[in-house]
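Keep the viewer open as you read.

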Amino acid sequence: MKICGTLAILSAFLLGGCASSSVMQLDSNTVQITTSAAPVCGSQGAQQVAQKRAAYETLKRGFDRYMIVGAQAKSNVGVVGYTPITANTNSNGTLSAYGNTATYNGTANTSITGGQPIIGGTFDQALGVRMFRAGDPQGANAVDARMSDRKSTRLNSSHHAHLV
């Protein structure tokens, strides 16, 4: 049990800073869920959080099942800059001068660091979600929100997904 608890806490920490969602009510049983995920989470992270949010919103609003009726995804992830480049030269040797002539005997080493890309942006997912009550024939093929919600996530008040 301790291993499961530790894994749950670690997973919550990793996914908690990964994605955020917002919800807009479109009509009495339809919402739009918009999720943005950090580059490290990938597009799959945005999709998973959006779907878990669909299950959460379905149950929160008193419905039992949901169906994705529209979806859009986009990515604006890319290189937004580079780390600074620095060069450091160290030398060891002897400098001899006679008149207007100078001679250096020794070694010099230059190391160059930096220039790595900085990745920024988000993976975005928008879902249109129609919600149904148990027994509604229009929701016969819809996803059971309780089963989907139990699989691994719950949402806290800041709308970040956490694994449990």
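## Starting at T58

T58 lies in helix α2; helices (H or I, at least four residues) and strands (E, at least two) are DSSP runs, numbered from the N terminus. A word on ground rules: this is a predicted model, where local features need pLDDT of at least 70, side-chain atom pairs count only at pLDDT 80 or more, and totals for chains, interfaces and linings use all residues. Residues are numbered from 1 along each chain as its sequence is written, and side-chain values use heavy atoms, with hydrogens and water left out.

Is T58 buried or exposed? T58 counts as buried because its relative accessibility is 0% (buried means under 20% relative accessible area, exposed over 50%, partly exposed in between, with a 1.4 Å probe and protein chains only). Leaving aside residues up to four places away in sequence, T58 touches F63, D64, R65, Y66, V129, M131 and A145; contact here means heavy atoms within 4.5 Å. The T58 side chain also reaches the backbone oxygen of A54 at 2.7 Å. Along the chain, T58 and D144 are 86 residues apart, yet 9.4 Å separates their C-alpha atoms.

## The sheet under the helix

Helix α2 lies across β1, β2, β3 (65-75) and β8, running at about 25 degrees to β8 (axes are lines fitted to C-alpha atoms, for helices over the stretch in contact, and angles run from 0 to 180 degrees between N-to-C directions).

What order do the strands take in the open sheet of five? They go β1-β2-β8-β3-β9, with antiparallel pairing; two strands pair if DSSP finds at least two bridges between them. The edges are β1 (19-27) and β9 (143-144), each pairing on one side only. Between β1 and β2 there are eight bridges in the antiparallel sense, and S20 has S36 in β2 as its bridge partner.

## What's packed inside

The largest nonpolar core has 11 residues: V31, I33, A50, A54, A55, F63, Y66, L127, V129, M131 and A145. A nonpolar core is a set of buried Ala, Val, Leu, Ile, Met, Phe, Trp, Tyr and Cys residues joined through side-chain atoms within 4.5 Å. Apart from this core lies another, of seven residues, including A19, A37, V49 and F123.

## A hairpin to finish

Strands β5 (residues 86-98) and β6 (residues 101-113) run antiparallel, joined by 13 bridges. N92 has T107 in β6 as its bridge partner. The two strands form a hairpin with two residues between them, and G99 in the turn has a positive phi of about 70 degrees.

Definitions and conventions
A polar contact is a pair of N or O atoms within 3.5 Å; within protein, one must be able to donate a hydrogen and the other to accept it, and residues adjacent in sequence count only if both atoms are side-chain atoms.
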